[in-house]
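Open the model in your viewer and keep the selection panel at hand. The stops below run from annotated spans to single residues.

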Amino acid sequence: MAEESDLEKTEPASQQRLDKAREEGTVVRSRELSTFLMLGTAFAGLWFTSGPVVQALDLGLRNSLQFDRRAAFEPSQMAVQFAGSVFHALLAMLPLFGMLVLMAVVGPMLLGGWLLSAKAVAPKFSKLNPFSGLVRMVSSHTLVELVKALAKTLLVGGVGYWVIKDNFDSVLALMTQPASVALRDAVWLVARSCALTAGALLVVALIDVPWQLWTHFRKLRMSREELRQEHKESEGDPHIKSQIKRLQQQAAKRRMMGEVPKADIVVTNPTHFAVALRYIDSDMRAPRVVAKGTDLVALRIREIAAENGVPILEAPSLTRSLYKHTLLGSEIPAGLYTAVAEVLAWVYQLRRWKEEGGEAPRTPSNLPVPAELEIPAVAA
């Protein structure tokens, strides 16, 4: 069967398709959103930590410019002094670095969430195919990414040019200011540049995020045939399911037939229905239906009962009621207690008669079945 075109894939991706794509490492990602968040975090970090950062840089600068007699005779002392200045500067900037690392981890998760997939990093030799690579280079997705990159470059470059032009005099003035003031103004200029650049990238991110969402879900769209096939795989092939159900029914029927020799009595309709009852005074509150069936199953129940000496009684009304109102393995309804008690009493008398002889017990007839439980012969 030929591969279906995108025009035929008109249905939204199912949850199973989305989960499978996620397992393969395919999730929504936006580099523009991550870049904006990183620059925005840098601006916020510089804004809130500018005081300690300026103090640390000022102290490091002063220490690095100091020169005493011991440094002249011990060159290693200069390295120690420099290392100490760098350490204090890095320590002051540690909160900023921590914020950037945290955002670098959290930023990509805002759209696609946390993902750890071995399939995403597994080598794919299909990507080494030069023809496939050429096709990807001239695809519509690559063209869109090129246009987006050019637009981002023009926008961010324009903002950068405007920032440099607007602050050119301020940058030159840094050389004429005291070190502490120059450091403070330099940090403020960097923070301002980050804020303006982040603002420009916000515009790009607001366009890129909906685009990435649309392309992701469009790529995972499915055809109706794929949906039907997925449903068949998840729910199971109807032919296999019917075969399994048939085997289960056969196994249940074999188990049911195995209970017939243990029954106390089999009541019949006489030919269409057969119900086998068993009662153990010490284990059961009421008699239970251990086997039941119609037509050929009923015939087989009667045959097994006859082969094993289980009494068989024709009681059409009682048999129909037991068959319709009682599940296999469950106790009989309370409304049939009287009728079944009379049947079981006859069974016990029959056993005593076979053991001791004497007058044969009278076969019960006209067994009492409540009107609400009675099933007419036509309805049965």
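Select Asp295, which is partly exposed because its relative accessible area is 46%. The cut-offs are these: buried means under 20% relative accessible area, exposed over 50%, and partly exposed in between, with a 1.4 Å probe and protein chains only. Asp295 has a positive phi of about 50°, although it is not a glycine. Most residues other than glycine have a negative phi. Asp295 sits in helix α13, residues 295-307. Helices here are DSSP runs of H or I with at least four residues, strands are runs of E with at least two, and both are numbered from the N terminus.

Before moving on, note that this is a predicted model: local features need pLDDT of at least 70, side-chain atom pairs count only at pLDDT 80 or more, and totals for chains, interfaces and linings use all residues. Residues are numbered from 1 along each chain as its sequence is written, and side-chain values use heavy atoms, with hydrogens and water left out.

Now go to Asn366. This residue also is not a glycine, and its phi is positive, about 50°. Find Asn366 in the segment after α15 (337-356). Asn366 counts as exposed because its relative accessibility is 78%.

## Annotated spans

Keep residues 186-214 selected: the span is 100% helix and 0% strand, and its end C-alpha atoms lie 42 Å apart.

Show Val86, Phe87, Leu90, Leu91, Leu94 and Phe97 as a surface. Together they form a nonpolar patch with about 540 Å² of accessible area. Patches take residues with over 30% relative accessible area and no salt bridge; nonpolar side chains (Val, Leu, Ile, Met, Phe, Trp, Tyr) are joined within 5 Å, like charges within 9 Å. The areas come from the Shrake-Rupley method with a 1.4 Å probe, and for residues only the protein chains shown count as cover.

Phe87 belongs to helix α4, residues 75-106. Pro95 is partly exposed, at 42% relative accessible area.

## The nonpolar cores

Which residues touch the most other members of the largest nonpolar core? Select Ile265, Leu277, Leu318 and Leu322, out of 21 residues in that core. β1 (265-268), β2 (273-278), α14 (316-325) and α15 each supply at least two of its residues. α15 gives the most, with 7 residues. A nonpolar core is a set of buried Ala, Val, Leu, Ile, Met, Phe, Trp, Tyr and Cys residues joined through side-chain atoms within 4.5 Å.

Centre on Leu277. Residues up to four places away in sequence aside, its contacts include Ile265, Val289, Leu322 and Val340. Contact means heavy atoms within 4.5 Å. Next, colour the second, separate core: it has 15 residues, including Val266, Ala276, Val290 and Ala291.

Step along to Thr268 in strand β1. Is Thr268 buried or exposed? Thr268 is buried, with a relative accessible area of 1%. Beyond its neighbours within four places in sequence, Thr268 is in contact with residues including Phe273, Arg302, Leu313 and Thr319.

## Salt bridges

How many salt bridges are there? The count comes to 4. A salt bridge is a side-chain nitrogen of Lys or Arg within 4 Å of a carboxyl oxygen of Asp or Glu.

Pick Arg351 and Asp264. Their closest N and O atoms are 2.9 Å apart. This pair links distant parts of the chain, 87 residues apart: Arg351 is in helix α15, Asp264 in the loop between α12 (238-259) and β1. Arg351 is partly exposed at 38%, whereas Asp264 is buried at 9%.

Then take Arg285 and Glu331, which meet at 3.4 Å, N to O. Arg285 lies in the loop between β2 and β3 (288-294), and Glu331 in the loop between α14 and α15, 46 residues apart. Arg285 is exposed at 73%; Glu331 is partly exposed at 23%.

Finish at Lys262 and Glu259, a salt bridge with its closest N and O atoms 3.8 Å apart.
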